[in-house]
Amino acid sequence: MKVAAIIVAGGKGIRFGGSAPKQFLKLAGIDVFLHSVETFNALKFVKQVIVVVPEGYENYTEKLCLKYKNTVVVTGGAQRHNSVKNGLAALNKNIDIVAIHDGARPLTLPSDITSVCKAALKYSASLLATPAVDSIKFSESDGFVCRSIERSKIYMAQTPQVFKKEIILKAYASPLAAKAVITDDAQLVEKFSKVKIVVPVGENFKITSRADLEAAKLVLKKRAKEM
């Protein structure tokens, strides 16, 4: 299995606030997105890492990534799916599996990456996702509950989301990709392939607030003590 990881760090982090996008803030001494770069690079089956960044951050990111093998930096687009398309355009020819990962999700364990990549190799498409723990209610725009949804069938999607290369390229080349509001890559691939759910073993939350950043620091400190 020859995997390429596309680390999507092209967002501007407007909701987070601050002078820099959240993926470029420091976490345990390095930029948030670099945790993912390091984790993927350490896996032998990962043959290429593509980091997608906002326009203006290319030189900065390239300098940070010089010490990492087989890592390239590309410029992101206006929306997340545009950034993913730019990352896909940079794939090496020998790649057969593509893992797409949020640059603001720095805690993913190597074992979880391995599991979801193996699932994609077997089933063609897979993603990390956690079972819903709260009761789920469906509401229309008026803010009133329309119905309850069976919690046992609900999963909260995470990344990496992993696909055989030909499937993800087909999905992004389809007319649907140009029209749909794409919140994650599995949403698009679902039209072409079943997507296998893999439940992660470790913490894998996305940093969307200052509280998340502080929580991530605590997780990394705990992991360091357990080593």
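**Exercises: salt bridges and burial**

At 1% relative accessibility, Asp 31 counts as buried (under 20% relative accessible area, with exposed over 50% and partly exposed in between; 1.4 Å probe, protein chains only). The model is predicted: local features need pLDDT of at least 70 and side-chain atom pairs count only at pLDDT 80 or more, while totals for chains, interfaces and linings use all residues. Residues are numbered from 1 along each chain as its sequence is written, and side-chain values use heavy atoms, with hydrogens and water left out.

**Exercise 1.** Find which side chain meets that of Asp 31 in a salt bridge, and state how accessible this partner is.

*Solution.* Start with the criterion: a salt bridge is a side-chain nitrogen of Lys or Arg within 4 Å of a carboxyl oxygen of Asp or Glu. Next, look at Lys 26, whose side chain meets Asp 31 at 2.6 Å, N to O. Finally, check accessibility: Lys 26 is partly exposed, at 46%.

**Exercise 2.** Work out where Lys 217 and Glu 214 lie in relation to each other.

*Solution.* An α-helix has 3.6 residues a turn, so residues three or four places apart point the same way. The two form a salt bridge, with the closest N and O atoms 3.2 Å apart. Lys 217 is partly exposed at 31%, and Glu 214 is partly exposed at 43%.

**Exercise 3.** Trace the salt-bridge network that includes Asp 102.

*Solution.* Begin with Arg 105 and Asp 102, whose side chains meet at 3.1 Å, N to O. Arg 105 is buried at 7%, and Asp 102 is buried at 7%.

Definitions and conventions:
Helix = DSSP H or I, 4+ residues; strand = E, 2+ residues; numbered from the N terminus.
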